[in-house]
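Here's a quick briefing to read alongside the coordinates.

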Amino acid sequence: MTEKRKGARSIKDIPADILLQLNKGEIETANLTEWLAVDQKFLLETLLIQNNRSDYLQPILRRVDQLKKQTVNTINEAIGLGILDLALKNQDEEFISKLSTHPADLVRCWAAYTVGRNNAFNIEEKLKKIQSFAADTHFGVREICWMTVRPDISKNLKESFSILSEWTKHENENIRRFSSESTRPRGVWCEHIEALKQNPGLGLEILEPLQSDSSKYVQDSVGNWLNDASKSQPEFVVEICDEWLRESNTKETQYIVKKALRTIRK
């Protein structure tokens, strides 16, 4: 097994050969610095040429150029949605399926949009198809994939919670973490879910199975979920934390509770 690359601390320190490999989609980014450094337009062009889809390039670039604000995330979304539109128009399932297993993490992020924003799928189908992205070994793909389906989760809370409560039992910590991270009342870089800000108790069927999860990655997400809720329903969060500590006073639960109460007990 090859040792995992650490990645440079700043963009200017990324070796030229590594940057070229990243931009060509030959390797995945090792950290956030590299993620921010990738030239997504160049990566797109390379990908389309390699797959004989050069006619897709200009329509997608036009979409990117029309963005009011160009950030890694907005460009990522614009490219993902551009690919989705063209693939649907051309009935090009073959191309989409290739993207989901591409070596470059940013390409897999684009593929996540072709699932999460495909209106032909209902919420059950979207969640089923997004699960492989939720399990991805790359942090960027895992973050983007929950963002792509969150608008649908928000509109279909009851059904989503019913499906995601099963994910809390999954052996893969990344999939367990998706169930809480994708439903956070306030979330990060995304719209709030008003129903959960007012009534966070709706989320208990996801949170309770994770109250003493062995994974720190999951613990952080659950703690952050409850911390979000504490900003509008502090009494609820205090009550739940007290109950959890009575039920399972483990170091895992203690860690989650401390994280959950950090805003209330500043």
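**Salt bridges and core packing**

Let's start with a charged pair: Asp-92 and Arg-53 join their side chains in a salt bridge, at 2.6 Å from N to O. Asp-92 sits in the loop between helix H5 (72-89) and helix H6 (93-99), and Arg-53 in the loop between helix H3 (40-50) and helix H4 (57-65), so this bridge ties together parts that are 39 residues apart in sequence. Both Asp-92 and Arg-53 are buried. Keep in mind that this is a predicted model.

- Arg-117 counts as partly exposed because its relative accessible area is 23%, which falls between the 20% and 50% cut-offs.
- Glu-77 is partly exposed too, at 26% relative accessibility.

- Glu-181 and Arg-177 form a salt bridge whose closest N and O atoms are 3.8 Å apart.
- That still makes the list because the cut-off is 4 Å.
- Both residues of this pair, Glu-181 and Arg-177, lie in helix H11, four residues apart, or about one turn of the helix.
- An α-helix has 3.6 residues a turn, so residues three or four places apart point the same way.
- Glu-181 and Arg-177 are both buried.
- A network of salt bridges links Glu-143, Arg-177, Glu-181, Arg-184 and Asp-228.
- The overall count comes to 20 salt bridges.

**The nonpolar core**

- The largest nonpolar core holds 73 residues, and those with the most contacts inside it are Leu-44, Leu-127, Ile-130, Trp-167, Phe-178 and Leu-226.
- Helix H7 (residues 105-116) supplies the largest share of this core, eight residues.
- Setting aside neighbours within four places in sequence, Phe-178 is in contact with Leu-127, Ile-130, Ala-134, Cys-145, Trp-146, Val-149, Leu-164 and Trp-167.
- In soluble globular proteins, nonpolar side chains tend to be buried together.

**Helix H10 and what it packs on**

- Which residues are buried in helix H10 (residues 157-167)? They are Leu-157, Ser-160, Phe-161, Ile-163, Leu-164, Ser-165 and Trp-167.
- The buried residues of H10 pack against helix H8 (123-134), helix H9 (139-155), helix H11 (173-181), helix H12 (194-198) and helix H13 (204-207).
- Two of those buried H10 residues, Leu-164 and Trp-167, are among the contacts of Phe-178.

Note on methods. Residues numbered from 1 in each chain as written. Predicted model: local features only at pLDDT ≥ 70, side-chain atom pairs only at ≥ 80, totals over all residues. Heavy atoms only, no water. Buried < 20%, exposed > 50% of the residue type's maximum accessible area, 1.4 Å probe, protein only. Helix = DSSP H or I, 4+ residues; strand = E, 2+ residues; numbered from the N terminus. Contact = heavy atoms within 4.5 Å. Core = buried A, V, L, I, M, F, W, Y, C linked by side-chain atoms within 4.5 Å.
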